[in-house]
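Please read them against the model shown below.

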Amino acid sequence: MTTTAIKPPLYYRVAINLLAPFYRQKVIKKSKTRATLKRELAERFGERYLPTPKGVRGVIWCHAVSLGELNTAYPLLVRLLDLGYGLWVSSTTQTGFERTAKLFAKQIELGQVMHSFVPVDKPAVLERFLDHVQPLAVMFIETELWANTLYACRRRGIKTMMVNARLTEKSYQGYAKFAKVSQTMMANLDGVIAQDAASAQRFTDLGAVHVALADSLKWVSVSTISDEQASLAKQTTQQIAQAGKTHLWVMASTHDGEELLALQAHRRFLDKFADALLILVPRHPERFDGVYQLCLDNHLTVARRSLGEPITKDTQVYLADSMGELMAWYQVADIAVVGGSFVPVGGHNPIEPASLGKPIIMGSYDTNCHELVTALKRVGALAQLDADDGNPTNNGNPINENNSANDSSLAKQLSEALMQAYLYQWRGDGGAALVAQKQRALDDQLGFVLALIGAGFDKKATADLDYH
C-alpha cells in the first residue's frame, strides 16, 4: 500500500479558507445556548479541547456525522473499548454530540471516551486537533469525507478508513463532479468497508484501492431493551388492556408531513376498528408541541407521554413525546410504521422493529436503508407503499389482490395496509430471524478495522470480506 500523501487541489484549499468565516457565523446562528456555543466554536476551530481518552492500545478517532451514524456504529465502538482502545468521537450535529454524551456517559466519566464537535477542514485547525488527540487510526462512519483531513492523517501515518460506508448514485455524481478532490481523498484513504455492492463499485470507480464488502452494521445496531423500557412497555400494555384497546400501531421517527398522514390514516382505521390506538413518535423534540396541536386540530383524543397522561378507552392517539423509549413503543405495538420514508428524508432504520418480530410498513423513500428494506421485503417482514401506483407491496406483490391501483391518497393506502395486516394476521417472524442471521456483520467489520490498524490491509485476515 502506498503511503504517499496526495495534497488536495489548490482550489479546494482556497475555498475552505474562504468559507471558514461564513461557517463560523452559521454555527453561531444555529447554536442552542451560549454555553454550548463557546465549547462548539473552540472545538470546531481548534482553540481548546478536553483531555484525551485513556487507551492502553492507543486512541481511535471515530467521526459520526449525527445521531443515526453514531447509533449504527455503537456496537463496533463498544467492542473496540472492550479491546482496550480509547475513543475520541466527533460529531457534526448538535443531536450527534448530545447522543454521544448519553451513550458513553460512564466511559466519558472513566476517561475512556472523549467527544467533541468535528474540526473544520482547515490545515492549521487539523494540525492542532491531531497534535492533541494523537489518534492511531480514524474511522469515518457511513458518509462525509474531508480532503484536508485525509491528507493530514496520511502525512502523519494515521490509518484512515470508511466503516459501514454507503454511496448513493446522487452522492457519487456529486463526488465525480469534483474529480481531482475525490481522487486525492480516495488516494489518501487506507480502506473502505462498503455496506452494499453498488456502493463498493462506486467507491472503486472514484479511485478507492482497498474496498471490502460486508453486511451493514445497521443489522446489529439494535437497541437492547433496558429495564426501564421493559417496565414502561409492561405498564403501557396493562393500560391498553384496561382501556380495551386491541388494534395497536406505532408510527415512529416521523418528520413534518408524516404526522398528518398518520392521523388521516388513523381516522380511516378507526372507522373499521373503533378500539384502535395510534402511538405517534415524532423524531425531533422541538416538534412535540406542534404535533400535539395537530392531533387536536384533527379532532382526535390524545394523551401525552410527557405529561404522564394515561391511556383510557377514549384515547385515540398516544403521543410518545419522549426520547430514548422507542423500543418500548415498538414492543407494545402490533404493527410498526417507520417514518422518514413517506417524505424525502430517506427512511429510518427498520431493524429495531424487525428484531422484535413486528411486521413493518414503510414509504417509498428508502435511500438511507434500501438494502435493509429489500432484504426484509424478501422474507415477508416489510411492506412498502408506493405513492406512484397506490399499491402497498410485500416482496414486490400487492398485500391483497383486491387493493385498488387507482387509490391516490397515501393516507388511504396506509389505512388499508393496516387493515389487511390485521385481516390476514400478518406476522414479522421472518424479520426477526433475518436480523439474528445478520449479526455476523459486527465481527466482519471489526476484523477489517483491526487488520488495518495492526498491519495495514491484511488480505488473509479479511479474505471473506475482500471485494477487489
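1. Start with the α12–α17 contact. On the α12 side are Leu-261, Gln-264, Ala-265, Arg-268, Phe-269 and Lys-272; they meet Leu-410, Ala-411, Lys-412, Leu-414, Ser-415, Leu-418, Met-419 and Tyr-422 of α17. Contact here means heavy atoms within 4.5 Å. By class, this contact has nine nonpolar, two polar and three charged residues. Ala, Val, Leu, Ile, Met, Phe, Trp, Tyr, Cys and Pro count as nonpolar; Asp, Glu, Lys and Arg count as charged; the others, Gly among them, count as polar.

2. A word on the basis. The model is predicted: local features need pLDDT of at least 70, side-chain atom pairs count only at pLDDT 80 or more, and totals for chains, interfaces and linings use all residues. Residues are numbered from 1 along each chain as its sequence is written, and side-chain values use heavy atoms, with hydrogens and water left out.

3. Now the geometry of that pair. Helix α12 spans residues 258-272 and helix α17 residues 410-423; their axes come within 8 Å and cross at roughly 45°. α12 is therefore oblique to α17. Angles under 35 degrees count as roughly parallel, over 145 as roughly antiparallel, 65 to 115 as roughly perpendicular, and the rest as oblique. The crossing is right-handed, meaning that the near helix is turned clockwise from the far one by less than a right angle. Axes are lines fitted to C-alpha atoms, for helices over the stretch in contact, and angles run from 0 to 180 degrees between N-to-C directions. Helices are DSSP runs (H or I, at least four residues), numbered from the N terminus.

4. Next, α3 (residues 67-82) and α4 (residues 94-103). Their axes come within 8 Å and cross at roughly 30°. The two are therefore roughly parallel. Leu-67, Leu-70, Asn-71 and Tyr-74 of α3 make the contact with Thr-95, Gly-96, Arg-99, Thr-100 and Leu-103 of α4. The residues divide into four nonpolar, four polar and one charged.

5. For α8 and α10 (residues 197-206), the axes come within 11 Å and cross at roughly 5°. That makes α8 roughly parallel to α10. Glu-169, Tyr-172, Tyr-175 and Ala-176 of α8 contact Arg-202, Asp-205 and Leu-206 of α10. Four of these residues are nonpolar, none polar and three charged.

6. Helix α8 (residues 169-177) also gives the most to the lining of the second largest pocket, with three residues. A pocket is an open set of points on a 1 Å grid over the protein atoms alone, with protein on both sides within 12 Å along at least five of seven lines; a cavity is a set where a 1.4 Å probe fits but cannot get out; lining residues have an atom within 4 Å of a point. The lining has five nonpolar, five polar and three charged residues.

7. Which residues line the largest cavity? They are Trp-61, His-63, Val-118, Pro-119, Phe-140, Trp-146 and Thr-149. Five are nonpolar, two polar and none charged.
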